[in-house]
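Subject: Structure for your review

Dear colleague,

Please find below the structure that I am handing over to you.

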Amino acid sequence: MAPNRGARHRVLVLGGGLSGTLAAAALAPHGGSVVIVERHTLPQTPKPRRGLPQARHAHMLWSGGADAIESLLPGTLEMLLHAGAHRISIPNGMISLSPGGWYRRCWPEAQYLISAGRDLVDWAVRSQALARPGVHLLSAAEPVRLLGTRARITGAVVRHRDGVEEALEADLVIDATGRSSRAPQWLAELGIPAVPETVVDAGVTYASRRYKAPVDTAGWPVINVQADARLPMAGTAGTILPIEGGEWMVSLSGTRGGEPTSDETQFAAFARRLRSPLIAEYLARAEPRGPVTIARNTANRRRHYEKARLNGFIALGDSSTALNPLYGHGMSAAAQGALALRDLCTGGNIAAKGFARRAQHAIARPAAAAWLLALGQDAAFPHAVGKKPGFADRLAAGYINRLITTACSDFTVVEALTDVMTLQARATVLAHPQVLLAAIRGPRLPPLGGPALTPAEEAVLLGRPAPTRPATAPPLGGPEWGEVSR
Ligand SMILES: Cc1cc2nc3c(=O)[nH]c(=O)nc-3n(C[C@H](O)[C@H](O)[C@H](O)COP(=O)(O)OP(=O)(O)OC[C@H]3O[C@@H](n4cnc5c(N)ncnc54)[C@H](O)[C@@H]3O)c2cc1C
């Protein structure tokens with residue numbers, strides 16, 4: 001249904017990406033109309049679109065984000081799985097080389113992630129949000145300035161594709177236009193002082209390519225070789241995500257001084273130079289589909305809108321907190337922010353003075369948790385630009401490194417780290433006495449000599465047909481699957 005032009009809208013959402021559609025879903029139940037203003041025309045199916053270049057790179061949706069999306073839009077996960085997304089258990093569904101060594105895979109599920117192409121995730125969320133009563137999409141239109149005064153933002157002027165400008169008034173304006181947000185300039189035009197901004201940039205470049213998987217991707221794990229920020233060299237990493245359509249989405253990355261390129265002939269060679277050649281060995285068995293795509297705009301950038309005393313305006317998602325994608329937290333932090341917004345609206349009046357400030361504080365909480373996790377690693381990479389780690393940061397990083405090493409053979413620690421990484425628990429769980437004790441005790445078993453692979457996973461590497469029956473997990477605490485020296 002088209003928005004009623006010229007009418008007073010309760011909420012104006014700028015940007016129709018994941019954050020914008022989730023914000024609309026959060027606010028729609030609270031009455032009035034929600035209009036999403038999106039620069040591009042959005043497709044009806046999960047196909048690539050303009051305005052979402054990052055969709056050509058691997059996107060993990062951690063359970064903290066997936067649960068938030070499901071709470072806002074019940075049925076979305078079912079829709080994703082039905083369309084070919086995979087639900088993968090963590091830690092047992094990941095073959096992962098952390099800075100502390102290879103993770104064991106004999107543990108029960110602690111959390112999960114949704115593995116899918118980004119276009120599919122956005123399509124499912126968008127379809128669900130736009131079906132909500134009161135939610136309208138105004139596509140092929142973009143905001144040119146905000147309406148209002150220093151005291152209160154009261155809407156925005158949008159320009160339609162034919163060049164016609166229109167003033168849309170609203171009780172609340174939400175900026176969800178992503179990393180390229182022009183909100184700082186729009187606010188400055190109203191005489192509002194600049195919002196403080198923090199940037200930490202490890203100079204991460206992503207190179208990604210899709211492959212036709214050599215196996216049925218159902219039940220296939222995520223393969224992940226992480227960088228080690230303690231090494232005095234650029235951090236290189238790689239991930240294979242099984243996605244819909246029988247494909248693997250493969251992303252490789254390097255921090256400043258160790259960046260991958262778009263050269264197709266160098267893609268597998270880069271993978272071979274990671275801390276383990278496992279990804280390269282799997283790529284040798286798979287068939288590339290399409291070119292290598294590069295992303296360089298990956299800095300951690302936080303605009304502290306929660307510190308500004310704004311009325312009638314909030315920012316959600318990358319427009320307020322953009323994170324280094326290596327840790328896969330952007331979508332989940334945005335979804336948890338939208339959920340916090342919904343919960344605050346229950347019984348609250350979005351037009352009331354002080355609402356926007358309270359909402360921005362609530363949104364900032366999950367974003368700040370993800371921010372601290374990213375900075376703990378990124379500030380340590382050589383050539384990182386921005387905040388340098390102080391004594392307390394180095395102490396915290398030392399403790400986290402100890403936990404990561406212990407996690408390779410201790411379920412208490414694996415579980416705590418997994419809960420934090422998936423944004424299901426605050427980082428304070430890492431200071432729980434049981435976790436502290438485990439960290440003091442250190443690893444319970446010697447490190448694995450290589451990845452623990454199931455017979456089916458090993459068969460692919462050997463070019464053999466996979467066993468017909470998928471292997472079940474080895475018993476808890478029992479011997480691991482064959483460790484392969486890689
Ligand atoms: C290489 C890479 C890999 C990533 N991997 C992960 C991952 O594994 N897991 C994860 O959770 N996150 C990941 N992220 C982060 C994730 O992509 C972002 O956090 C997420 O897209 C934020 O959503 P958003 O809606 O805030 O912004 P966006 O997705 O950027 O959406 C912004 C929307 O606003 C529209 N828009 C922009 N400007 C205007 C304007 N002026 N007027 C109207 N509309 C406008 C755009 O067309 C778009 O629809 C990755 C990012 C990158 C770059």
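I begin with the cysteines. In this predicted model, the cysteine sulfur closest to that of Cys 408 belongs to Cys 106, and the two sulfurs are 11 Å apart, too far for a bond. A disulfide is a covalent bond between the sulfur atoms of two cysteines. Here a pair counts as a disulfide if the sulfur atoms lie within 2.5 Å, and by this rule the count is zero.

Is Cys 408 buried or exposed? Its relative accessible area is 5%, so Cys 408 is buried. Cys 345 also counts as buried, because its relative accessibility is 2%.

I turn now to the helices. Two packed helices are described by the angle between their axes and the distance between the axes.

Helix α1 (residues 18-27) packs with helix α4 (residues 118-130) at an angle of about 25 degrees, and their axes are 9 Å apart. The two helices are therefore roughly parallel. Their crossing is left-handed. On the α1 side, the contact includes Leu 18 and Leu 22, while Val 121 and Val 125 are among the residues they meet in α4. By class, this contact has six nonpolar, one polar and three charged residues.

Helix α2 (residues 63-72) and helix α8 (residues 330-345) cross at roughly 40 degrees, and their axes come within 8 Å. This crossing, too, is left-handed. Among the residues in contact are Gly 64, Gly 65 and Ala 68 of α2, and Ala 335, Leu 339 and Arg 342 of α8. The contact of α2 with α8 has six nonpolar, five polar and one charged residues.

Yours sincerely

Methods
Residues numbered from 1 in each chain as written. Predicted model: local features only at pLDDT ≥ 70, side-chain atom pairs only at ≥ 80, totals over all residues. Heavy atoms only, no water. Axes fitted to C-alpha atoms, helices over the stretch in contact; angles between N-to-C directions. Helix = DSSP H or I, 4+ residues; strand = E, 2+ residues; numbered from the N terminus. Parallel < 35°, antiparallel > 145°, perpendicular 65-115°, else oblique. Left-handed = near helix turned anticlockwise from the far one by under 90°. Contact = heavy atoms within 4.5 Å. Nonpolar A, V, L, I, M, F, W, Y, C, P; charged D, E, K, R; others polar. Buried < 20%, exposed > 50% of the residue type's maximum accessible area, 1.4 Å probe, protein only.
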